[in-house]
Amino acid sequence: MNTEKLGSFLKNRLPPEINRLILAAVELAASQKASLYLVGGLVRDCLLDKTPKDADLVITANAIRFGQDLLQGTSYKTTLHHRFGNLSADINGFKLDITTARSEVYPAPGKLPEVGAGDIKADLFRRDFKINAMAISLSQQNFGCLVDPYDGLTDLKQGKLSVLHPKSFQDDPSRIWRALRYSERLGFDISAEALALLKRDMQLIPLIGADRLRYEIECVLEEAKPENIFLKAAETGVLRYSLPDVKADGWLMGKFAEARKIYGTCIPGVIYYCLLSARLNKLQAENLVTGLNPGKYITGCLGDYRYLAENLPELEKTGLNPSHLYKILVKCRKEARQSFYIASDNPLVRQNILLFEEELSNIKPHLKGADLIALGFAPGPVIQTILRELLFLKLDGQLTSRADEIDYVKRRQADDQS
């Protein structure tokens, strides 16, 4: 790759601040007489002329100290990983990772690797696929030169995914999900050898644990059409060893696509989570949470979705009082309600959820707590009780004005005093 092409890529495909930091890193590495490289996905995307989502640098020096020097005086959030000798920084939503060139040995399938010293060739050998095992030198003496010891460029030109060695998926079974993800994103075929290894080793996926599996699943959910990846996972058998109760079929594909029509490209991952759980029973939904450990908010949304499923007979009723509908739906997080709307094929259920979202959720009583105190009620729990009564009566059309609410409150007050 010539210097002009690399410079054009850095300028046109990366955020300006990332481009500036990379150029600053080149000067800093030169001043320290260290070799610096662009590596991994950014190199792949550079060669494909695609816009990368993050940037990885490898340096033949202490990456943590180098990164701290590079980012000195900035306010970017950084995370230090001393075990792996790297620094990660969030640059306005774009991830920059700086790593010391290293070698890795996996003590057992699914375990995190043991790290040792290494050069750029050793560092590239620890990558997942040959197309991600290329580097571009940023050293002044050979700036822009491609480092490709494992012939990743050939795979890139042929549009295929190959692993670097037969134990790749055994060392890190999470690479299996990455194979499916890159295959879909890039439109590449998984090589016959890699596919055979994938099917041989997919039974090892449970060894990586809930947190690492969740990370891979959430990376899938960030792709343009995650349903295609889940379908590939089902076809290969990978889904059975990852999310055994989840079905990937035409129904899921249709519902994911419908969700994107509603949300566009900014669809929250929790919507996809809820749709993945939509056809699960209570025990299966609990197993999904245990298997992925998705965090408090998503777990709460999944619980809300299950609550809505349990109340489906009520939501399917005709002539449901608005106040009763409100009581059911107001308890749930918005994403759970919206997911339930997408998952439902019953027009009445959808109508009821839309009624809540567009009308009922915006209705409030005219009177507030201060008004009730002015009318003679003592501060305390009774205030909230009366406000709820006013809301439900207003929802059902029994109170339509401020005067109606005052009359109701005065009658109630008189009844309490009698």
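In the predicted model, helix H14 supplies three residues to the lining of the second largest pocket, the largest share of that lining. This pocket has a volume of about 210 Å³ and is lined by 14 residues, with Leu-221, Glu-222, Thr-265, Ile-267 and Tyr-272 lying nearest its centre. Two or more lining residues come from each of H10 and helix H14 (269-277). By class, seven of the lining residues are nonpolar, three polar and four charged.

The largest pocket holds about 2000 Å³ of space. Its lining comprises 50 residues, and those closest to the centre are Asp-54, Asp-56, Lys-95, Arg-178 and Tyr-215. Elements that give two or more residues to this lining include strand E2 (54-59), E5, helix H8 (174-186) and helix H10 (209-221). The greatest contribution, seven residues, is made by H8. The lining of the largest pocket divides into 24 charged, 15 nonpolar and eleven polar residues.

Asp-97 is located in strand E5, which spans residues 94-100. Because its relative accessible area is 10%, below the 20% limit, Asp-97 is classed as buried. The side chains of Asp-97 and Ser-88 form a polar contact of 2.4 Å. Beyond residues up to four places away in sequence, Asp-97 also touches, among others, Ala-55, Asp-56 and Asn-86. A distance of 19 Å separates the C-alpha atoms of Asp-97 and Gly-144, which are 47 residues apart along the chain.

Ser-242 belongs to helix H12 (residues 238-242) and is likewise buried, with a relative accessible area of 9%. Its side chain makes a polar contact of 2.9 Å with that of Trp-177. With neighbours within four places in sequence set aside, Ser-242 is in contact with Trp-177, Ile-205 and Leu-213.

Key:
Residues numbered from 1 in each chain as written. Predicted model: local features only at pLDDT ≥ 70, side-chain atom pairs only at ≥ 80, totals over all residues. Heavy atoms only, no water. Helix = DSSP H or I, 4+ residues; strand = E, 2+ residues; numbered from the N terminus. Buried < 20%, exposed > 50% of the residue type's maximum accessible area, 1.4 Å probe, protein only. Polar contact = N/O pair within 3.5 Å; in protein donor to acceptor, adjacent residues only side chain to side chain. Contact = heavy atoms within 4.5 Å. 1 Å grid on protein atoms, 1.4 Å probe; cavity = no way out; pocket = protein on both sides within 12 Å on 5 of 7 lines; lining within 4 Å. Points joined across faces, edges and corners; volume = space filled by probe spheres on them. Nonpolar A, V, L, I, M, F, W, Y, C, P; charged D, E, K, R; others polar.
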